[in-house]
Structure formats: C-alpha cells, structure tokens
Amino acid sequence: MIQLRFQTPDTWTQIVLADFNAFLIDHAAAEKKASGMAVSMLSHYPDRPAIVKAMIDLAIEEMTHFRDVVRIMTERNIQLAADEKDPYINQFRKHIRKDSEPYLLDRLISAGIIEARGCERFSLIADAQEDLQLKRFYTAIGRSESRHATLFTDLAKEYFPADEVEERLGEMLDIEADIISRLPYRAALH
C-alpha cells in the first residue's frame, strides 16, 4: 500500500459529517469520474494488455460504486448535481510530465496516490459513522480503494523498472502531500 506523507486531520471528517449530503454528491461524482478515467486509460493504451484488462474491471467496479452511492442518495432524497472541477485533482495533474512514457508512468502513479487518498478518507468516514449500514459501506469502499492503489503501482512496475517507479512515486507523494495540506477542507472527498 502507498504510504501517504500527509495524514488527513479530524477537522476534515467533522466537516464532512456536518454536511454529509454534500459529501455524498461529491462522492458520487468522484466514482463516476474514476470510471471515466479507467475507460480513458484503456482507450489510450490499447497496446498494453495489462492496462486494458485492469481498466475494464476498474471501470465496472467504479461504476458499481457510483450506482451504490446514488442508491444511498435516493434513500435520502438527494439528487445528483452537475460535476464540479476538483481542485486537488486539477493541481495534482499539473505535475504529470508530458512526454509519452513519463506521462504514462505519472498517470499510473498519480492514480495510485489518488486511490490511496480515497482509501484514507473513506476509512475515516467509516470509523466516524454511527449508521451501521454506512459504516459497512465506507469500510468496503476504503478496502476497494486500497486495492486500486496497489493495482496502479503494480501496473507501473509491469511497464517500468521498479527503481524508476519508486523514485517517481516518492516525488509524487511529496507533491501530493503539499497540495492536499494547503487545500481548504470541505464536505468533499478531496
């Protein structure tokens, strides 16, 4: 599992729980975008069989999570909203290199880090939940995000030397920690 270099403080969890409906809307959007990202990856790398296979499975799993979040929203009479740009994702993407091979490596590594951050934050939500159904749901989502983080680093090591992956992972973890530590907390995943 990727070891994040900035731990989300309790303040974030308190903000999310205070406006959990807004968090659910953002969570649904994040799952939908994650599914779209997986489809984009398999479309851009049809010559990389391991990526194609993994991204097909990931797209389906993320869309299943989207459906599950929408089901929870429906039970609470919450409607989907238009997607908003995610400042965390947008700032993190600025650090992805542009040349073909470095771009692929950075895409895989950044996706793994984003999934690791999701694991951390969904686990915080699960731990803070009093509703047993939501506690179980967010525990399962956290475990899923952990597997996804490992999936992306494993894919990176399939196509790049392990020492190159580890070096860039360290650089990207520093970048991610700086970004996430400076963003204001809101009732959103990032």
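**Exercise 1. Set aside the neighbours within four places in sequence, and list what isoleucine 113 is in contact with.**

*Solution.* Start at isoleucine 113 in this predicted model and skip the neighbours within four places in sequence. What remains in contact is Ile2, Leu4, Tyr88, Phe92, Leu169, Met172, Leu173 and Glu176.

The largest nonpolar core has 36 residues, and Ile113 is one of the four that touch the most other members, together with Met41, Met55 and Tyr88.

Now ask which helices supply this core. At least two residues each come from H2 (20-44), H3, H4 (87-93), H5 (100-128), H6 and H7 (162-182).

Another core lies apart from it, with 19 residues, including Trp12, Val16, Leu24 and Met73.

**Exercise 2. Find the salt bridge between lysine 53 and aspartate 57, and say where the two residues lie.**

*Solution.* First, check the distance: the closest N and O atoms of lysine 53 and aspartate 57 are 3.4 Å apart. That passes, because the cut-off for a salt bridge is 4 Å.

Second, locate the pair. Both residues belong to helix H3 (residues 49-75), and four residues, about one turn of the helix, separate them.

Third, classify the two ends. Lysine 53 counts as exposed because its relative accessibility is 57%. Aspartate 57 has 43%, so this residue counts as partly exposed.

**Exercise 3. Work out which parts of the chain the salt bridge between arginine 147 and glutamate 61 links.**

*Solution.* Begin with the atoms: the closest N and O of arginine 147 and glutamate 61 are 3.1 Å apart. Then compare positions. Arginine 147 sits in helix H6 (residues 132-159) and glutamate 61 in helix H3, so to speak two distant parts of the chain, 86 residues apart. To finish, take the accessibility of glutamate 61: a relative accessible area of 24% makes this residue partly exposed.

Methods. Residues are numbered from 1 along each chain as its sequence is written. This is a predicted model: local features need pLDDT of at least 70, side-chain atom pairs count only at pLDDT 80 or more; totals for chains, interfaces and linings use all residues. Side-chain values use heavy atoms; hydrogens and water are left out. A salt bridge is a side-chain nitrogen of Lys or Arg within 4 Å of a carboxyl oxygen of Asp or Glu. Buried means under 20% relative accessible area, exposed over 50%, partly exposed in between (1.4 Å probe, protein chains only). A nonpolar core is a set of buried Ala, Val, Leu, Ile, Met, Phe, Trp, Tyr and Cys residues joined through side-chain atoms within 4.5 Å. Contact means heavy atoms within 4.5 Å.
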